[in-house]
Amino acid sequence: MATGFFALALFLFLSLDSDAPHSPTSSASAASSEGVEVQITYGSVLKLMHEKSKVRLHSHEVPYGSGSGQQSVTGFPGVHDSNSYWIVKPQLESSAKQGDTIKSGTIIRLQHMRTRKWLHSHLHASPISGNLEVSCFGGETESDTGDHWKLTIEGSGKTWKQDQKFRLQHVDTGGYLHSHDKKYTRIAGGQQEVCGVREKRAENVWLAAEGVYLPVTESK
């Protein structure tokens, strides 16, 4: 299972770029289009779409010019860019396994597929709005509670599924993952700022969009 997953991730890493004519598909994505609900499991590789503006959560090897100076995180307006893929991982010291489903209220981590850094936040000010900065930080062997995000599903759903509205709240700061129409002109021209805000707003609702969704592990 693990070997197959990393082979698939490597395929995506090598074959997708911003000029790709189409996004990847999977049996899970096809099933979703046929009305079958697709559950999101640990190990899935996916894009997160901002519900209001439709940008994808994105990162790249460009540091912020202010604040922490860590790897920047933005909202990317296009669909076909592999720098928008994230791997869903459990929180530190969790017993959860690849293929396990994820319930509302669970603390998760998101690892940027290309750079292997973690979606992170802290008390530094974001570059444009002055809210909480959201960055990418660490690596395969470097992660801390600044990478922990609490998943809260909107509505009556109890288990995370594709195309389902949700919020991610940063555990250490209390800020919700947020984006808005304020755009960068220099470090990532035309891309939206992603930041953290401590209030629930329409602008901090997201959906799981394109990706490769690993099947649910059957209980033994």
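The structure is a predicted model, in which local features need pLDDT of at least 70 and side-chain atom pairs count only at pLDDT 80 or more, while totals for chains, interfaces and linings use all residues. Residues are numbered from 1 along each chain as its sequence is written, and side-chain values use heavy atoms, with hydrogens and water left out. The chain contains two helices and twelve strands. Here helices (H or I, at least four residues) and strands (E, at least two) are DSSP runs, numbered from the N terminus.

**Overall architecture**

- Read from the N terminus, the order of elements is α-α-β-β-β-β-β-β-β-β-β-β-β-β.
- The chain has 220 residues, of which 52% count as buried. Buried means under 20% relative accessible area, exposed means over 50%, and partly exposed lies in between (1.4 Å probe, protein chains only).
- Of the contacts between residues at least 6 apart in sequence, 68% join residues at least 24 apart. A contact means heavy atoms within 4.5 Å.

**Strand pairing**

- Two strands pair if DSSP finds at least two bridges between them.
- Strand 4 (residues 86-90) and strand 5 run antiparallel and are joined by five bridges. Within this pairing, Val88 stands opposite Leu110 in strand 5.
- Strand 5 is also joined to strand 8 by two bridges, and these strands run antiparallel. Ile107 has Lys150 in strand 8 as its bridge partner.
- Because five of the six residues of strand 5 are buried, this strand is largely enclosed by the rest of the structure.
- Strand 6 and strand 7 pair in the antiparallel sense through five bridges. Ala125 has Leu132 in strand 7 as its bridge partner.
- The hairpin of strand 6 and strand 7 has six residues between the strands, and Gly130 in this hairpin takes a positive phi near 80°.

**Salt bridges**

- Side chains of opposite charge can pair when their charged atoms come close.
- The whole structure holds seven salt bridges. A salt bridge is a side-chain nitrogen of Lys or Arg within 4 Å of a carboxyl oxygen of Asp or Glu.
- Arg56 and Glu210 form one of them, with their closest N and O atoms 2.5 Å apart. This pair links distant parts of the chain, since Arg56 belongs to strand 2 (residues 56-63) and Glu210 to strand 12 (residues 206-212), 154 residues apart.
- Both partners of this pair lie inside the buried class: Arg56 has 7% relative accessibility, and Glu210 has a relative accessible area of 16%.
- Glu140 and Arg116 meet through their side chains in another salt bridge, at 2.9 Å from N to O. Glu140 lies in the loop between strand 7 (132-137) and strand 8 (149-153) and Arg116 in the loop between strand 5 (107-112) and strand 6 (118-125), so the pair ties together parts that are 24 residues apart in sequence.
- Arg116 counts as partly exposed, at 21% relative accessibility.
- Asp100 and Lys97 also form a salt bridge, with an N to O distance of 3.8 Å.

**His122 and its surroundings**

- His122 lies in strand 6 and is buried, with a relative accessible area of 12%.
- The side chain of His122 makes a polar contact with the side chain of Glu133 at 2.6 Å. A polar contact is a pair of N or O atoms within 3.5 Å; within protein, one must be able to donate a hydrogen and the other to accept it, and residues adjacent in sequence count only if both atoms are side-chain atoms.
- Not counting residues up to four places away in sequence, His122 touches several residues, including Ser68, Gln70, His170 and Thr173.

**Gly190**

- Gly190 is found in the loop between strand 10 (176-183) and strand 11 (192-197), and it is partly exposed at 36% relative accessibility.
- The C-alpha atoms of Gly190 and Phe76 are separated by 8.2 Å, although the two residues are 114 residues apart along the chain.
- Leaving aside neighbours within four places in sequence, Gly190 is in contact with Pro77, Lys183 and Tyr184.

**Cysteines**

- The structure holds zero disulfides, a disulfide being a pair of cysteine sulfur atoms within 2.5 Å.
- Cys136 is buried at 1% relative accessible area, and Cys195 is buried at 0%.
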